[in-house]
Amino acid sequence: GGGGNGGVPKAVEEDRRHLLEAAIVRIMKARKTLKHNDLIAEVSRQLTARFVPDPQSVKKRIESLIEREYLERGQDDRKVYSYLA
């Protein structure tokens with residue numbers, strides 16, 4: 001995707017990462033299971049007031065949360081995520 005102005009300061013970048021992760025965890029906690037596209041849409045909707053997250057960034061955060069075992073991918077469908085309490 002087109003990288004906007006590209007001039008996002010490191011601190012802002014960090015801040016957004018935390019906001020993204022918090023939003024993902026909050027959504028997944030409430031929904032338990034969600035398709036990739038639905039999660040992206042939901043995260044974007046929640047954060048729109050602060051900034052518009054780039055889907056690629058959201059994806060990175062999801063993968064980070066999976067590595068840290070907050071979420072897991074579906075057994076049969078890799079595009080579905082489940083929340084691990």
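# Helix contacts and salt bridges

User: Which residues of α2 and α3 meet?
Analyst: This is a predicted model. In it, His-36, Leu-39, Ile-40 and Val-43 of α2 meet Pro-55, Val-58, Lys-59 and Ile-62 of α3. Sorted by class, the contact has six nonpolar residues, one polar and one charged.

User: At what angle do the axes of α2 and α3 cross?
Analyst: Roughly 110°, and the axes come within 10 Å. Angles of 65 to 115 degrees count as roughly perpendicular, so α2 is roughly perpendicular to α3.

User: Is the crossing left-handed or right-handed?
Analyst: α2 passes α3 in a right-handed crossing.

User: New topic. How many salt bridges does the whole structure have?
Analyst: A search finds seven. One of them joins the side chains of Arg-68 and Glu-21, at 3.1 Å from N to O. Arg-68 is in the loop between α3 and β2 and Glu-21 is in helix α1, so this pair ties together parts 47 residues apart in sequence.

User: Why can side chains like that pair?
Analyst: Side chains of opposite charge can pair when their charged atoms come close.

User: Are Arg-68 and Glu-21 buried or exposed?
Analyst: Glu-21 is buried, at 13% relative accessible area. Arg-68 has 41%, which counts as partly exposed.

User: What does Glu-63 pair with?
Analyst: Glu-63 has a salt bridge with Lys-59, at 3.7 Å from N to O. Glu-63 and Lys-59 are both in helix α3, four residues apart, or about one turn of the helix. Glu-63 also forms a salt bridge with Arg-73, where the closest N and O atoms are 3.8 Å apart. Arg-73 is in strand β2 and Glu-63 in helix α3, so that pair ties together parts ten residues apart in sequence.

User: And which residues are joined with Glu-21 into one network?
Analyst: Arg-61 and Arg-68 are joined with Glu-21 into one network, through salt bridges that share partners.

User: Where is Ser-82?
Analyst: Ser-82 is in strand β3, residues 80-83. Its relative accessible area is 17%, so Ser-82 is buried.

User: What is Ser-82 in contact with?
Analyst: Leaving aside neighbours within four places in sequence, Ser-82 is in contact with Met-28, Lys-32, Thr-33, Tyr-70, Leu-71 and Glu-72.

User: Last one. Where is Gly-74?
Analyst: Gly-74 is in the loop between β2 and β3. Gly-74 is buried, with a relative accessible area of 14%. From Gly-74 to Val-43 the C-alpha to C-alpha distance is 19 Å, and the two are 31 residues apart in sequence.

Note on methods. Residues numbered from 1 in each chain as written. Predicted model: local features only at pLDDT ≥ 70, side-chain atom pairs only at ≥ 80, totals over all residues. Heavy atoms only, no water. Axes fitted to C-alpha atoms, helices over the stretch in contact; angles between N-to-C directions. Helix = DSSP H or I, 4+ residues; strand = E, 2+ residues; numbered from the N terminus. Parallel < 35°, antiparallel > 145°, perpendicular 65-115°, else oblique. Left-handed = near helix turned anticlockwise from the far one by under 90°. Contact = heavy atoms within 4.5 Å. Nonpolar A, V, L, I, M, F, W, Y, C, P; charged D, E, K, R; others polar. Buried < 20%, exposed > 50% of the residue type's maximum accessible area, 1.4 Å probe, protein only. Salt bridge = Lys/Arg side-chain N within 4 Å of Asp/Glu carboxyl O.
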